[in-house]
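Dear colleague,

I am passing on the structure we spoke about, together with notes on what was found in it. Please look at the model first and then read on.

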Amino acid sequence: MSFKPLTVLMIGATGGIGRPAVDQALARGYTVRALVRDQARAQRQLPEAVELVVGDLTDAQSLRTATQDVDAIVFTHGSSIQESDVRDVDYAGVANVLAALDGRPVRIALMTAVGTTLPGVPYAAWKSRGERLVRASGNDYTIVRPGWFDYNDANQRQILMRQGDTKQSGGPADGVIARDEIARVLIDSLSNEAANRKTLELEATRGKEQEDLTADFATLQADEPGSLDGVLDSNTVLVSQEPQLFQDDLARIGGAGR
């Protein structure tokens, strides 16, 4: 353990993964700030200790206050599997938050999904582009691709990490895991140097949950310096073949972070 954030910005704090991630961060003694669209609703859903900052992921200018003076950012937001939603909310949220940082360094934990690199799936491609922006930003990061939420049995709590995004059936055969365990891995990654600059798929098998995940993080390969893709990912795309929107964001964010 070589880094401990003081203030953590949660993106998607009131969601199914964000809510337990907030609890995990508070339990570790972090100051937690949540980006919210509806302050009154968020006050009913989140602990009183959470600082609420109103903003909109689709509006980069509204994110300046939320990103000010934070040490780490956890992305757990998600919209739907419609390409337009993932492009305009999931992907744009990552791009706009990174842009709002103006190159200031933070530790990032980004949740996407297993199967992100599956060819020919438009919504997955936009999640992959969000990952690529995080890798290009110059920040320390961990990218977590969880399997299917809450399809696990009660005794299926041993956390497994793998790489290469090789399970792509589009169903629970790609891996299952509880929401609170996804939240735990995201928050653990912020302070664990063994998790730094790594991209992983996440699932659970039968057995007890580990008390410490350092050894599990340590078995993973780090992403190659300067690469836009996960270290073992095989379905990669040339930047020149990506949409102009991504190319523009890459030039803006990659340049700011290096």
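Which strands does α6 lie across, and at about what angle does α6 run to β5? Helix α6 lies across β1, β4, β5, β6, β8 and β10, running at about 160° to β5, where axes are lines fitted to C-alpha atoms, for helices over the stretch in contact, and angles run from 0 to 180 degrees between N-to-C directions. Helices (H or I, at least four residues) and strands (E, at least two) are DSSP runs, numbered from the N terminus, and contact means heavy atoms within 4.5 Å.

Before the details, two remarks on the basis of these notes. This is a predicted model, in which local features need pLDDT of at least 70 and side-chain atom pairs count only at pLDDT 80 or more, while totals for chains, interfaces and linings use all residues. Residues are numbered from 1 along each chain as its sequence is written, and side-chain values use heavy atoms, with hydrogens and water left out.

The sheet is open and is formed by 8 strands in the order β3-β2-β1-β4-β5-β6-β10-β8, with mixed pairing; two strands pair if DSSP finds at least two bridges between them. At its edges are β3 and β8 (158-162), each of which pairs on one side only, and neighbouring strands are turned by 25° against each other on average, direction ignored.

Going through some of the pairs, β2 (residues 31-36) and β3 (residues 51-54) pair in the parallel sense over 4 bridges, and Val-36 stands opposite Val-54 in β3. Strands β1 and β4 (residues 72-75) run parallel, joined by 4 bridges, and Met-10 has Val-74 in β4 as its bridge partner.

Strand β6 (residues 140-146) is largely enclosed by the rest of the structure, because 6 of its 7 residues are buried (under 20% relative accessible area, with exposed over 50% and partly exposed in between, for a 1.4 Å probe and protein chains only). With β5 (residues 107-111) it pairs in the parallel sense over 5 bridges, Met-111 standing opposite Val-144, and the crossover from β5 through α5 to β6 is right-handed. Strand β6 is also joined by 5 bridges to β10 (residues 198-205), which runs parallel to it.

Among the helices, α4 (residues 83-100) and α5 (residues 122-136) have axes that come within 8 Å and cross at roughly 5°, which makes α4 roughly parallel to α5 (angles under 35 degrees count as roughly parallel, over 145 as roughly antiparallel, 65 to 115 as roughly perpendicular and the rest as oblique). Residues making this contact include Tyr-91 and Leu-98 of α4 and Trp-126 and Leu-133 of α5.

Two threonines may also interest you. Thr-67, in helix α3 (residues 64-67), counts as buried at 1% relative accessibility, and its contacts, leaving aside neighbours within four places in sequence, include Leu-9, Arg-33 and Arg-104. Thr-14, in the loop between β1 and α1, counts as partly exposed at 28% relative accessibility, and, with neighbours within four places in sequence left aside, is in contact with Arg-41, Ala-42, Gln-45 and Leu-46.

With best regards

Technical notes. A crossover is right-handed if, with the strands pointing away from the viewer, the path from the first strand over the helix to the second runs clockwise.
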